[in-house]
Amino acid sequence: FMNLYRKRSDVAEQRAAETARGKEKLSVARRLAADEMLKRIDGRQLPPIVLDILSRPWANYLVLTLLRSGEDSPDWRNGLRFADELVWSAQPKTSARDAERLQRLLPQLETALRHGLTAIASHDDDVHRTLDDLSSFYTAALAGAPIALKSVREVIGESVSDVAGISGAGSQLSPEDSQTSPVEEAVRSAASEAEVEEREPALADDDPFLVQARGFKSGAWFEFKLPDDDFERAKLSWISPFTSNFLFVNRRGLKVCERGVEELARELRDGRTILLEQAPLFD
């Protein structure tokens with residue numbers, strides 16, 4: 001009976017770890033894609049159409065490229081090169097040489113953008129609308145028409161306001177929203193993290209509870225205090241090699257919760273989580 005119980009528990013625990021590993025891999029890819037895009041557009045005044053492409057569909061395309069091909073692949077490098085070229089193309093062209101180069105570059109940009117939008121399964125109407133808007137921008141720019149410029153944070157803020165207006169007053173998008181791009185998520189997360197740090201400063205590196213949390217190994221058992229003052233026991237099943245987040249499962253191998261290192265250290269300090277004695281709970 002115990003062997004059968006243990007096998008079922010091990011299978012469930014392995015599935016929970018694989019799910020957590022997949023989420024971590026996706027999270028790392030989204031963070032890297034957002035970082036690369038923000039390096040190119042954050043703090044700059046650019047046309048809204050360019051910001052919209054790079055902060056939304058192209059950022060999602062980069063995430064897909066990372067997951068499929070990896071950071072060392074030609075597809076990833078080409079994706080970043082497209083972003084660089086698109087940013088350059090949006091700058092005012094003051095010489096005939098730059099204008100000529102832009103004319104030669106436009107068909108390449110259109111081909112690459114169409115490929116990226118198709119790869120992330122954009123609807124045909126959305127693809128045509130994006131390409132038409134971009135073409136209209138270049139036509140106006142080459143004709144010397146004045147171009148409105150914005151920051152990426154303004155463009156993202158306007159999109160949140162538009163969604164909130166449609167969904168109802170006071171509604172907000174969560175970072176987990178399926179329509180949220182990695183860049184949007186990074187911008188909002190940075191704002192929320194700044195608010196959290198103002199309320200509760202980060203723990204010092206030599207904080208005893210933080211040092212203790214960093215030393216935990218898989219297999220350790222903990223007791224978590226629930227909101228209704230009840231307790232739940234869980235085993236540390238898996239530690240993320242990317243973020244060092246902890247995955248906890250119960251005796252049946254089912255996921256109980258996930259904790260970051262600092263979050264777990266604070267719970268240990270406050271008594272909301274207790275490290276159980278490392279001995280069999282029964283023989």
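Q: Which charged end sits over the ring of Trp 88 at 4.2 Å from its centre?
A: That's Lys 93. Sitting over a ring means that NZ of Lys or CZ of Arg is within 6 Å of the ring centre and within 35 degrees of the ring normal. Arg 101 also has its charged end over the Trp 88 ring, 4.0 Å from the centre.

Q: Before we go on, what sort of model is this?
A: It's predicted: local features need pLDDT of at least 70, side-chain atom pairs count only at pLDDT 80 or more, and totals for chains, interfaces and linings use all residues. Residues are numbered from 1 along each chain as its sequence is written, and side-chain values use heavy atoms, leaving out hydrogens and water.

Q: How many aromatic pairs does a search of the whole structure find?
A: The search gives 9. Rings of Phe, Tyr and Trp (its six-membered ring) pair if their centres lie within 6.5 Å; planes under 30 degrees apart are stacked, over 60 edge-to-face, and the rest tilted. Take Phe 137 and Tyr 138: their planes are at 55° and their centres 5.1 Å apart, so that pair is tilted.

Q: And what about Phe 224 and Phe 248?
A: Those two are edge-to-face, because their planes are at 75°, with the centres 4.9 Å apart. Phe 224 is in strand 1 (residues 221-225) and Phe 248 in strand 3 (residues 246-249), so to speak a link between distant parts of the chain, 24 residues apart. Strands here are DSSP runs of E, at least two residues, and helices are runs of H or I, at least four, both numbered from the N terminus.

Q: Is Phe 248 buried or exposed?
A: Buried, at 0% relative accessibility. The cut-offs are under 20% relative accessible area for buried, over 50% for exposed, and partly exposed in between (1.4 Å probe, protein chains only). Phe 224 is buried too, at 4%.

Q: Switching topic: which residues have the most contacts inside the largest nonpolar core?
A: Met 37, Leu 54, Trp 58, Leu 86 and Val 183, in a core of 41 residues. A nonpolar core is a set of buried Ala, Val, Leu, Ile, Met, Phe, Trp, Tyr and Cys residues joined through side-chain atoms within 4.5 Å. A second, separate core has 16 residues, including Phe 222 and Phe 248.

Q: What follows helix 3?
A: Gly 70, with a positive phi near 95°.
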